[in-house]
Amino acid sequence: MQTAYLLLIPLIPLLVFLVLGIFNKRIKPAVSGYIGVAGLAAATMLSCFAAFQYFFVADKVNGAYQTFIQKTAWMQFTDTLQVDMGIFIDPISVMMLVVVSTISLMVHIYSRGYMKGDAGYTKFFAFLSLFTFSMYGLVLATNLFQIYIFWELVGVSSFLLIGYYYTKTSAVAAAKKAFIVTRFADFGFLVGILIIGYYTGTFDFEALNNPAGSAIQNWAFTSTFMGLSAITWALILIFMGGAGKSAMFPLHIWLPDAMEGPTPVSALIHAATMVVAGVYLVARLFPMFLFVDDGFVLQVVAYVGAFSSLFAAVIALTQTDIKRVLAFSTMSQIGYMMMALGVSGFDGHEGVGYMASMFHLFTHAMFKALLFLGAGAVIHAVHSNYLQDMGGLRKYMPVTNFTFLVAALAIAGVPPLAGFWSKDEILVAAYENSPLLYGIGVVVAGLTAFYMFRLYFGIFWGKNTRYAHTPHEAPLSMTIPLVLLAFFTSVVGFIPFSRFVTADKMGFEAHLNYPLAAIAVAVGAAGILLAWLFYKTENDLSDRFAHAFGSLYLWTSHKFYFDELYLFITRNIIFRYISAPIAFFDKKFVDGTMEGIGNKTVLLSRKIMSVQSGKVQDYAFGFIGGVVLLAAVFIYLWTF
Amino acid sequence: MIPGISITEILTLSTILFFIGIYGFITRTNLISILISVELILNASVINFVMINKYLYPDILQGVLYALFIIAVAAAETALAVAIIFNLYKQTSSVEVKETETMKF
């Protein structure tokens with residue numbers, strides 16, 4: 001398979017970014033929109049072509065999809081340890097290429113309508129292109145170091161786009177929060193990478209992931225720390241980086257605030273692509289996670305994922321900002337993916353969790369982007385993020401209503417939409433592994449259906465709000481992506497994913513597990529029904545329920561006070577007892593010494609400044625006086 | 001060698017001349033006077049050159065040649081100094097030495 005042209009996929013968005021960034025002021029907004037969309041369209045076509053080539057044209061070796069690598073040495077540390085730059089083509093990276101391209105293209109088209117008239121229109125498209133470039137680089141990385149570089153680059157683009165409305169204090173604070181929290185997690189990632197580099201002597205995914213390779217075979221022979229081997233620790237730290245990016249508990253606090261960014265950004269970065277980078281990272285290193293320490297780290301991944309999933313779903317029940325509901329829903333669904341990865345095996349049908357996770361990543365990207373773009377259209381029409389200000393919009397926005405309904409049904413797991421298929425596979429994988437995880441999965445499925453339809457009924461049905469301005473259906477540039485994504489959401493579930501993307505790259509035949517599917521659908525339907533009763537028409541049932549739960553409701557609506565907890569820890573403990581003394585030491589002792597030396601020198605020179613009077617005669621007097629003195633000394637020495 | 005005058009007397013003369021020059025150089029505030037004092041110092045050294053040549057090596061003229069050389073250099077130096085003083089005068093309308101204090105900054 002030819003791989004040279006794949007280099008163009010990341011390079012086209014980079015070029016678009018440079019053009020839009022450099023000629024920012026000289027390009028008319030309309031033109032910059034077209035440049036962005038055209039660049040992405042080209043990259044999307046290349047990605048789809050690459051996927052077709054890879055899955056259908058390129059030869060398999062022993063029934064497994066090959067891995068194509070093209071790379072050049074970038075930094076050489078030792079004979080064996082070097083950092084390469086290149087592209088890595090295997091099933092999951094090709095799949096991610098398609099996901100990123102599709103969603104990014106839809107968001108680009110959508111943004112032309114959504115951002116119309118905004119002062120920073122060109123800048124916005126430049127940032128979007130930067131993000132897309134970074135994401136492609138992350139997906140195609142050949143080694144841990146390269147993925148880390150692009151990992152930080154997507155972090156930066158996310159920061160720039162969350163803080164896009166930089167005159168809003170809350171947006172600036174949210175951007176800072178997102179950057180610092182993920183950066184904190186990335187510190188763990190970096191340490192993990194360095195440990196891996198030290199003990200295995202390579203950063204290369206191919207060498208690391210080889211089940212017969214030295215990295216996996218020799219994990220037990222590295223030094224141990226607190227009962228776990230160094231490689232195990234490295235994987236835990238790498239997962240910490242992934243958890244930060246993917247907003248897993250307890251590093252999730254940045255994601256809801258990141259909704260301060262423009263809605264297309266939330267759809268692209270904080271729903272479909274960047275936040276699943278953590279899942280992608282675990283999947284990328286899956287053989288290591290699975291074989292090192294008999295899958296201990298994978299268990300951690302599974303339970304962190306399952307807990308985050310449940311936790312976020314519970315919080316999503318009570319939020320009133322529609323974008324935040326979607327943000328918690330994203331966190332919940334990513335927890336699902338993590339859980340699926342965590343319960344997966346390697347060979348054949350045992351790898352169903354891995355397959356299910358990637359499948360869910362794929363379908364989730366479609367319907368969650370659709371939900372966000374739909375929410376964006378609603379916000380565009382109503383000029384508010386809050387459920388209280390909405391209601392009865394189905395009469396004004398038929399297209400948005402229909403596409404939102406499709407997406408909500410998909411995420412609730414209603415057959416035959418996309419979410420049903422992937423969620424079913426996840427539940428099968430969890431069921432085969434542990435009853436607890438399966439139980440959590442089913443509960444979350446029910447909660448998901450409930451909060452999603454709470455949102456749907458709250459926006460499009462419910463009370464007949466009187467609007468100051470009559471809401472209008474979004475313009476064509478916004479509805480076309482909605483319709484396209486709704487179409488994808490309806491059909492991508494039928495892709496026989498297990499034939500293409502599996503842990504061992506061999507593919508297997510997945511069959512629908514009818515009893516489990518029936519349970520999942522029943523739970524989802526119950527959730528929808530409950531939401532129907534509560535929110536379809538205006539009634540006080542939901543308020544009475546909220547009262548019944550009392551303090552639990554309060555805790556949930558305050559996101560279990562995690563923001564406050566973090567603020568307390570950082571402000572009252574870290575700042576006061578660690579940072580403040582260190583700052584004091586730095587100011588008084590380190591700076592004090594240096595400044596003291598400087599100040600004393602200045603003082604001394606002030607004192608002796610008068611010696612240099614500027615009168616030649618004073619100098620001459622000094623000179624001659626000195627000569628006389630010396631002469632007297634010498635005469636004395638010579639004579640006696 | 002000069003009848004009636006010993007080397008001690010001549011050396012005393014040049015020493016007196018030298019210290020008069022130094023005294024003038026240190027105490028005078030007028031730049032022209034300082035220049036004159038410098039000339040006195042130079043002349044004192046010229047006398048020394050000639051006298052010591054005469055008393056130590058009467059048959060060669062190296063000291064006398066040096067004396068001529070010093071006189072030439074002194075003339076050039078005076079011309080230069082006067083030029084500097086003129087320029088200073090243009091700036092400050094005075095030839096007082098305290099005006100040159102500003103040059104240290």
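Of the 105 residues of chain B, 9% count as buried. This value, like the others here, comes from a predicted model. Chain B contains three helices and zero strands, and from the N terminus on its elements run α-α-α. Its radius of gyration is 17 Å, well over the 13 Å that the globule rule gives for 105 residues, so chain B is more spread out than a compact globule. Along its principal axes, the C-alpha trace of chain B spans about 50 × 25 × 20 Å. Among contacts in chain B between residues at least 6 apart in sequence, 50% join residues at least 24 apart.

Next comes the place where the two chains meet. Nine residues from chain B and nine residues from chain A take part in the contact. On the side of chain B that touches chain A, five residues are nonpolar, one is polar and three are charged.

Leaving aside residues up to four places away in sequence, Val282(A) touches Phe239(A), Gly242(A), Phe289(A), Val301(A), Met338(A) and Leu341(A).

Helix α20 of chain A (residues 476-491) has 16 residues and reaches 22 Å from its first C-alpha to its last, close to the 22 Å expected at 1.5 Å a residue. Its buried residues are Met478(A), Thr479(A), Pro481(A), Leu482(A), Leu485(A), Ala486(A), Phe488(A) and Thr489(A). The cover over the buried residues of α20(A) includes α3 (91-114), α16, α17 (398-412) and α18 (418-433) of chain A.

Helix α22 of chain A (residues 514-535) has 22 residues and reaches 31 Å between its first and last C-alpha, close to the 32 Å expected at 1.5 Å a residue. In α22(A), the buried residues are Ala520(A), Val523(A), Gly524(A), Gly527(A), Ile528(A), Ala531(A), Phe534(A) and Tyr535(A). These residues lie on the same side of α22(A) because they cover an arc of only 135 degrees around the axis. The exposed residues Tyr514(A), Pro515(A) and Ala518(A) are carried on the face of α22(A) turned away from its buried side.

How values were computed. Residues numbered from 1 in each chain as written. Chains lettered and ligands numbered in written order. Predicted model: local features only at pLDDT ≥ 70, side-chain atom pairs only at ≥ 80, totals over all residues. Contact = placed C-beta atoms within 7 Å. Nonpolar A, V, L, I, M, F, W, Y, C, P; charged D, E, K, R; others polar. Helix = DSSP H or I, 4+ residues; strand = E, 2+ residues; numbered from the N terminus. Rg over C-alpha atoms; globule rule 2.2 N^0.38 Å. Buried ≥ 20, exposed ≤ 12 C-beta atoms within 10 Å, placed from the backbone. Expected span 1.5 Å × (residues − 1). Arc of directions from axis to C-beta.
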